[in-house]
Amino acid sequence: MPERPGEPPPGATLSLQTIEPTTAGHGFISGVLSAILGIAGFGAVLCLHFPEYLTHADLRRFYLLGYLRAAIHVTLVASFLLGTISACLRANKALALTGIGFTLAAALLGGSQVPVAGDASASGSWLGLDFFVLNLLLYSAVFIPLERLFALRADQPVFRRQWVVDLTYFFVNSLLIEVLTILTLTPALIFFGWARVGWVSDTVASMPLWLQVPALLLVADFTQYWVHRTFHVVPALWRFHAIHHSIEQMDWLAGSRLHLVDVIVTRGLTYVPIFVLGFSEAALMVYVFLVAAQATFIHANVRWEFRPLRRLVATPAFHHWHHSAERDAVNRNFSVHTPVWDLLFGTYYLPDRWPAAYGLNDRRDVPARWVTQLVDPFRNRGGQ
Ligand SMILES: [Zn+2]
Ligand SMILES: [Zn+2]
């Protein structure tokens, strides 16, 4: 009996011996492919580093570096994904670790974007595989132990229901980091340059960072509050945001479940006042890091309540209630950083308990896969 994907097999091992089945569905084929592609990708990245030693002079003239870089990227992505699949299906993790290990080493060495002398295609990367790998390692190293040690729902496993779809969101949103940044920053730069007032942006940019960052968080959260609230009340937009609210088990990974339209519109509009007011690049960098960390944390399966700070800082309890289907909790707690805006605009809701359940109570089932969720809001015109 093949084990069900999404449930880790008991007793993980590392062995060179193959005693488990090698037929389809047992993680052997994916493990072998992962190891091969990982090693190949790693070798290709070494070639980018040392073309004079590792590549043939006559062949080098025929390489189209742009295509080669894309091929290396695809190889590394495939190795990582196949390794993950194998690790889930197979008790012996040797193959999966080989593939993922080489992929990670290749990513740390610069991945497919290693500059090569005399090549212009190195500038501008379109896929952030390395960003995905590092992001995943960083977040899982922090949040998986936290959620084990301080679990709100201790019976909820790491590989809970629908973790695959949420990991896919995490993967796609990290991989597209470059594209999403361009798509969300460019509209503010192109369409709102006229709105900048010289002395205002000069004053803001010259403020010290310790003042700029909280100011930026307040401004960003104000915009985000109203965009988020609009996504809830306008039916055409709710179809996109409902994907996020289809989460039924909360944890750090669940927060990644955001439709691309939701991501692009929300981020794009949030950047407008940040750009118009002229916050410095350093403040923006701090903000980008903080918003990612806090948006992840408020979904986490942790029982901390931060009671003294609960009216000042958006906490897991605050955002867990945003995901509750209880009637009193619907359309509440829209902020990401501080509940100040919810308190001010009358949407703050934080009782002295945790929600019993999460999800949607007003519409048909949201499909279970990333691709079907992507097309779902476009397909269901006029119907809840
Ligand atoms: Zn919402
Ligand atoms: Zn959420």
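Let me begin with Arg196, whose charged end sits over the ring of Phe275, 4.7 Å from its centre, where "over" requires NZ of Lys or CZ of Arg within 6 Å of the ring centre and within 35 degrees of the ring normal. Please keep in mind that this is a predicted model, in which local features need pLDDT of at least 70 and side-chain atom pairs count only at pLDDT 80 or more, while totals for chains, interfaces and linings use all residues. Residues are numbered from 1 along each chain as its sequence is written, chains are lettered from A and ligands numbered from 1 in the order in which they are written, and side-chain values use heavy atoms, leaving out hydrogens and water.

A search of the whole structure gives 24 aromatic pairs, meaning rings of Phe, Tyr and Trp (its six-membered ring) with centres within 6.5 Å, called stacked if the planes are under 30 degrees apart, edge-to-face if over 60, and tilted for the rest. One of them is the edge-to-face pair of Phe222 and Trp341, with 5.1 Å between centres and 70 degrees between planes. Because Phe222 lies in helix H10 (residues 209–233) and Trp341 in helix H15 (residues 340–345), this pair ties together parts 119 residues apart in sequence; helices here are DSSP runs of H or I, at least four residues, numbered from the N terminus. Trp341 is buried at 15% relative accessible area, whereas Phe222, at 35%, is partly exposed, with buried being under 20%, exposed over 50% and partly exposed in between (1.4 Å probe, protein chains only).

Finally, Gly359, in the loop between H15 and helix H16 (370–379), is buried at 9%, and its C-alpha atom is 5.0 Å from that of Ser246, 113 residues away along the chain.

Terms used. Helices (H or I, at least four residues) and strands (E, at least two) are DSSP runs, numbered from the N terminus.
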